[in-house]
Amino acid sequence: FMKVVSFMPMELKFIPERYKVLRHVINLLHIIFWHFVVLHLLFLQMKTFHMNINESLDETINYLMIGSIYGFGYFILCYMQLHAKKFLTIIEFANRNFRIRSARGE
């Protein structure tokens with residue numbers, strides 16, 4: 001899931017190694033796409049909030065709450081993309097040093 005929403009770069013193992021540049025281009029386009037989607041939702045919601053600011057308080061609060069969710073979502077997207085290498089390092093460490101153990105069945 002984290003690779004689908006571009007929190008971590010996609011591996012794209014089906015592309016041969018000699019076309020490594022193509023992998024980077026596809027990953028970059030994927031990242032740009034998700035930035036565009038989340039920012040578009042945020043700006044659209046804030047525009048709706050601005051247009052309906054003179055409406056009732058219930059409607060105004062709803063627009064503001066949804067806009068803040070999109071804003072936080074964009075923050076999380078940027079944060080996870082910036083720290084993806086650290087996260088992958090933690091996952092590698094856990095896979096290397098911790099073994100999966102299960103309880104005996106009866």
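Is Glu17 buried or exposed? Select Glu17 in this predicted model: the residue is exposed, with a relative accessible area of 52%.

**First stop: the salt bridges**

Next, select Lys13 and Glu11. These residues also form a salt bridge, and their closest N and O atoms are 3.4 Å apart. Here Lys13 is exposed, with a relative accessible area of 67%, while Glu11 is partly exposed at 43%. A search of the whole structure finds two salt bridges.

**Second stop: helix H1**

Now select residues 20-51, which make up helix H1. This helix has 32 residues and reaches 46 Å from its first C-alpha to its last, close to the 46 Å expected at 1.5 Å a residue.

Within H1, colour Arg23, Asn27, His30, His35, Val38, Leu42, Gln45 and Phe49, which are buried. An α-helix has 3.6 residues a turn, so residues three or four places apart point the same way. To see part of what covers the buried residues of H1, display helix H2, residues 57-82.

Switch to a surface view and select Tyr19, Val21, Leu22, Val25, Leu28, Leu29 and Ile32. Together they make a nonpolar surface patch of about 670 Å². One of them, Val21, lies in H1 and is exposed, with a relative accessible area of 62%.

**Last stop: the whole chain**

Finally, clear the selection and view the entire protein. How many helices and strands does the protein have? There are three helices and zero strands, and the order from the N terminus on is α-α-α. The radius of gyration is 20 Å, well over the 13 Å that the globule rule gives for 106 residues, so the protein is more spread out than a compact globule. Along the principal axes, the C-alpha atoms fill a box of roughly 60 × 50 × 25 Å.

Of the 106 residues, 20% count as buried. The accessible surface comes to about 9000 Å², and carbon and sulfur atoms account for 68% of this surface. Among contacts with a separation of 6 or more, 54% are between residues 24 or more positions apart.

Technical notes
Residues are numbered from 1 along each chain as its sequence is written. This is a predicted model: local features need pLDDT of at least 70, side-chain atom pairs count only at pLDDT 80 or more; totals for chains, interfaces and linings use all residues. Side-chain values use heavy atoms; hydrogens and water are left out. Patches are made of residues with over 30% relative accessible area and no salt bridge: like charges are joined within 9 Å, nonpolar side chains (Val, Leu, Ile, Met, Phe, Trp, Tyr) within 5 Å. Accessible areas come from the Shrake-Rupley method with a 1.4 Å probe; for residues, only the protein chains shown count as cover. A salt bridge is a side-chain nitrogen of Lys or Arg within 4 Å of a carboxyl oxygen of Asp or Glu. Helices (H or I, at least four residues) and strands (E, at least two) are DSSP runs, numbered from the N terminus. Buried means under 20% relative accessible area, exposed over 50%, partly exposed in between (1.4 Å probe, protein chains only). The expected span of a helix is 1.5 Å times one less than its number of residues. Contact means heavy atoms within 4.5 Å. The radius of gyration is taken over C-alpha atoms; the globule rule is 2.2 Å times the number of residues to the power 0.38.
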